[in-house]
Amino acid sequence: MPGRFRLRFALAVVSLMVFGLLPMQAAASPLNPMQRTWMRTDYPVSNGQAARTWMWGPQENAYATDEQYLQSPDGEREVIYYDKARMEVSHPDADANSIWYVTNGLLVVELVSGRMQLGDSAFDERSPAEVNVAGDLNDPAGPTYATIGTLLGEHPIADGSTITQRVDRAGNVTHDPSLAGQGVTAAYRVQVPGIDHQIASVFWEFMHSEGLVWDDGAITTEALFVNPFYATGYPIAEAYWAEVQVDGVARDVLMQCFQRRCLTYTPGNESGWQVEAGNVGLHYYQWRYGEERPSAPKLSVVFNLSYDGEMLASTATHETFLGEVAVGNWETITTDGVGSSHGMLIADHTLGSIDAIIFQDWPFPGIATLAFTYDISSAGVYGEGTLSWSAYLPAGIQSGTVSFSATSSSLDVWDIELDEIPPVLFTD
């Protein structure tokens, strides 16, 4: 292959001594259960491979904290607030491989009832949230969570019937025959203690849909949800059409609130985005704390990459810290200013070490794991590390380990010297 193309391949691996590449079937990753849960549905959305709603939300918008929960160790549990939901681990001593180890809270139940849950059976009594379920937050006429709270006892419509019910902000339900043309029907009736409601066909189809997911190191096509109710919980109300403002424009939107999320269906949206998860995580945080969700600590770092004394490229990372875990994006630029690769990273940071999994989205997909240790002394900062990689090349799957040394004077700019460039990347 031409020299410039060979170098581009080489940089796609070594350009990220700290955040570099490789195939979607590498060795087991150091992802913790919360990050693994986010990756499954939202990584393909993040890197542009899947055109569909976020189920959690962008990592850079997230915020991690500890909240009171009486049944958790020391009475607190780790939570991460995303746009769409709150991720939580209430019982860290449970089976970490279970899909129920990481859960998303019953936030909608709390918002519509005003009962903020502090334990399995402990609640703080508040008022239902006067926050719009869908559309613009400043829409004066759209239904709120408090509106939905007045409709919990409504009887389910008949199996298979067309959904033409419309609701206003005051909770008045009317029949609008013009909505029959949308073809949305009552698809599945849920009857469990305290709940008896139909699920709208467009939402039931979404809950059983297949798509690209990240599964144990590979992007593959599978059911989006291992259990159809995992992300949403059970429906707590019927599905209703409502006129809401979206970017200042009035639109007819079908909404249905479940225990954990509210789903919306907007017929005029692009394919893949007609069904969306509402911003329950954002709404709940505002309701609970009376302020907007804070921004998580962020850090940008530059890694200058060299081999045999020659500068090859620079990698810039932009990381958001969710506790001790950093999540973010990276991009590598060659010395002549050309972008050579980019992707995302998830890293566990402790004092003096970093363990990371690195995903490359371009120029070809991949994955790598990084182990890096360093010392801080009066003489400066010095460290050593390894990047274990595997790559899909025309000749087949190739893998190896690259070592490097690193020095820094400021911790946000590192000089990286590679011990070698994987020789497979220089074959024609």
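Guide: A residue here is buried if its relative accessible area is under 20%, exposed if over 50%, and partly exposed in between, using a 1.4 Å probe and protein chains only. Before we start, this is a predicted model, in which local features need pLDDT of at least 70 and side-chain atom pairs need pLDDT 80 or more, while totals for chains, interfaces and linings use all residues. Residues are numbered from 1 along each chain as its sequence is written, and side-chain values use heavy atoms, without hydrogens or water.

Visitor: What makes arginine 40 and glutamate 222 a salt bridge?

Guide: The closest N and O atoms of arginine 40 and glutamate 222 are 3.2 Å apart. A salt bridge needs a side-chain nitrogen of Lys or Arg within 4 Å of a carboxyl oxygen of Asp or Glu, so this pair qualifies. The pair links distant parts of the chain, since arginine 40 sits in helix α2 (residues 33–46) and glutamate 222 in strand β12, 182 residues apart. Helices (DSSP runs of H or I, at least four residues) and strands (runs of E, at least two) are numbered from the N terminus.

Visitor: How many salt bridges does a search of the whole structure find?

Guide: The search finds 11. One of them joins glutamate 67 to arginine 86, with the closest N and O atoms 3.2 Å apart. Glutamate 67 is in strand β1 and arginine 86 in strand β3, so this pair ties together parts 19 residues apart in sequence.

Visitor: How do you know that glutamate 67 counts as buried, and what makes arginine 86 count as buried?

Guide: Glutamate 67 has 2% relative accessibility and arginine 86 has 1%. Each value meets the rule for buried, so both get the name.

Visitor: What joins arginine 77 to glutamate 88?

Guide: Arginine 77 and glutamate 88 form a salt bridge whose closest N and O atoms are 3.5 Å apart. Arginine 77 belongs to strand β2 (residues 76–81) and glutamate 88 to strand β3, 11 residues apart. Both residues are buried. Through shared partners, salt bridges join Glu67, Arg77, Arg86, Glu88 and Arg288 into one network.

Visitor: What is the order of the strands in the open sheet?

Guide: The open sheet has 4 strands in the order β1-β2-β3-β4, paired in the antiparallel sense. Its edge strands are β1 (63–68) and β4, each pairing on one side only.

Visitor: What makes β3 and β4 a pair?

Guide: Pairing requires that DSSP finds at least two bridges between the strands. β3 and β4 have 2 antiparallel bridges, so they pass. Methionine 87 stands opposite asparagine 104 in β4.

Visitor: How many bridges join β9 and β10?

Guide: Strand β9 (residues 186–192) and β10 pair in the antiparallel sense over 6 bridges. Together they form a hairpin with 2 residues between them, and glycine 194 in the turn has a positive phi of about 85°. Arginine 189 stands opposite glutamine 198 in β10. In strand β10 (residues 195–200), 5 of its 6 residues are buried.

Visitor: How do you know that cysteine 257 and cysteine 262 are joined by a disulfide?

Guide: Their S to S distance is 2.2 Å. A disulfide is a pair of cysteine sulfur atoms within 2.5 Å, so the name applies. Whole-structure searching finds 1 disulfide, and both cysteine 257 and cysteine 262 are buried.

Visitor: Why is this disulfide of cysteine 257 and cysteine 262 called right-handed?

Guide: The torsion about its S-S bond is about 100°, so it is right-handed.

Visitor: Why is threonine 232 called buried?

Guide: Its relative accessible area is 2%, so threonine 232 falls under the limit. Threonine 232 is found in the loop between β12 (218–223) and β13 (240–246).
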